[in-house]
Amino acid sequence: MKICVTAQGNTVESQLDPRFGRCAYFCIADTETGDTEFIQNNPGGGGAGVAAGQLMINKDIKALITGNLGPNATQVLGATDIALYRGVMKSVAENIAEFKNNSLSSINDIGPSHAGLKGGRNR
Amino acid sequence: MNIAVLSGKGGTGKTTVALSLAVSGGNFQYVDCDVEEPNGYLFLKPDIKHRVDVEVFNPVIDSGLCDLCGICSETCQFDALAVMKEGVMVFEKLCHSCGACMLACPKNAIGRKKRRIGVIEADEDRLFVQGRIDVGEPISVPVIRELKKYYREDVPVIIDSAPGAGCGVVETLDMADYGILVTEPTPFGLYDLNIAVGLLRKLSKKFGVVINKSQDDVNIIDDYCKKEGIEILMRIPFSEEIAGNYSRGILPVDQDQMLRGKFVHLWEKLEERVNL
């Protein structure tokens with residue numbers, strides 16, 4: 001099964017990135033083979049959640065482990081059957097292990113929009 | 001002559017300067033491009049006779065023709081489209097109405113529908129014009145673009161800009177002959193002034209600075225302008241009286257003849273600078 005963990009760096013030792021649309025990297029992991037792929041994220045001024053959601057669909061992800069989802073990401077992901085889990089502030093590897101142990105809780109609340117965007121509103 | 005009054009930082013006194021300048025000269029047109037919160041009308045009290053909706057278009061997907069190929073989503077520069085397994089999701093508030101998805105769709109499955117995002121309001125003679133964006137709408141540019149169609153050529157146009165240096169301000173500056181940057185002598189004022197100066201230089205606009213809430217012993221804006229070779233057009237003193245009157249809808253030039261004189265002089269300067 002292919003899962004995705006949002007990461008602050010491009011190794012499995014990197015910490016979870018609690019942002020979804022504006023995370024630094026997406027780690028796509030195959031839970032059967034143990035293979036991982038890191039995709040650098042380059043979000044624009046708006047629509048980061050939609051773009052990241054589209055990536056999950058295109059990559060055929062079955063479960064997503066992240067911190068917070070904004071309204072747009074929630075709308076996209078909510079229309080899919082991708083399972084959503086709240087990660088823990090530990091490494092990517094530890095999050096994958098906890099996912100396999102079934103010890104992560106699922107995400108069912110929506111975060112504020114632009115929460116992962118640094119800077120003011122006058123873009 | 002189109003004079004844009006802008007500032008990096010909000011609350012420095014754009015509207016105070018724009019209106020004081022307007023009423024200290026002869027005929028003028030006042031265009032409020034601060035469409036998220038236009039407030040010039042509170043002072044000028046125009047009789048609004050003319051109201052026109054501002055509309056944008058958004059894509060509509062014909063699910064009978066769409067084969068979910070995903071090209072529209074890849075084409076969209078604003079990530080306003082998500083192609084799901086069962087259909088396409090359109091995020092109207094992310095859409096910039098560029099139409100690229102419609103051109104890119106190989107099945108011609110994308111049509112357009114209009115959506116209101118704001119309104120233009122004007123008095124009988126169109127000497128007062130303001131834009132007002134609807135609550136919750138994030139993109140002000142189409143409203144400002146519409147306002148530009150109202151600019152008059154027979155009288156000087158005073159354009160009250162939004163704060164910041166974003167897309168709305170860029171659009172506001174498009175047809176401006178000169179930019180008046182209103183700032184205040186605080187670190188925040190200076191920081192945002194520097195960003196606005198960068199924008200005006202990039203757009204090759206002529207500009208000068210008005211220091212509001214000026215105090216004799218605080219010179220950070222003076223030092224900056226000297227270093228950057230920017231003209232300080234005038235100063236408005238720091239005054240509780242000005243702030244108090246403003247909050248009651250009274251412009252400082254209606255109370256202070258000295259200050260009105262300064263604005264009359266500013267007109268002369270502006271005419272000179274614009275025609276350089």
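Nine strands of chain B come together in an open sheet of mixed pairing, with the order β3-β6-β7-β2-β8-β1-β9-β10-β11; strands here are DSSP runs of E with at least two residues, helices are runs of H or I with at least four, and both are numbered from the N terminus. Two strands count as paired if DSSP finds at least two bridges between them. The edges of the sheet are β3 (48-61) and β11 (232-237) of chain B, each pairing on one side only. On average, neighbouring strands of this sheet are turned by 20° against each other, direction ignored; axes are lines fitted to C-alpha atoms, for helices over the stretch in contact, and angles run from 0 to 180 degrees between N-to-C directions.

This is a predicted model, in which local features need pLDDT of at least 70 and side-chain atom pairs count only at pLDDT 80 or more, while totals for chains, interfaces and linings use all residues. Residues are numbered from 1 along each chain as its sequence is written, chains are lettered from A and ligands numbered from 1 in the order in which they are written, and side-chain values use heavy atoms, with hydrogens and water left out.

Within the chain B sheet, β6 (residues 110-123) and β7 (residues 128-133) run antiparallel and are joined by five bridges. Ala122(B) has Val129(B) in β7(B) as its bridge partner. Helix α1 (residues 14-24) of chain B packs on the sheet, and its direction makes about 170° with that of β8(B). Its contacts (heavy atoms within 4.5 Å) include β1 (2-6) and β2 (29-32) of chain B.

Turning to chain A, five bridges pair β2 (residues 25-30) with β3 (residues 36-40) in the antiparallel sense.
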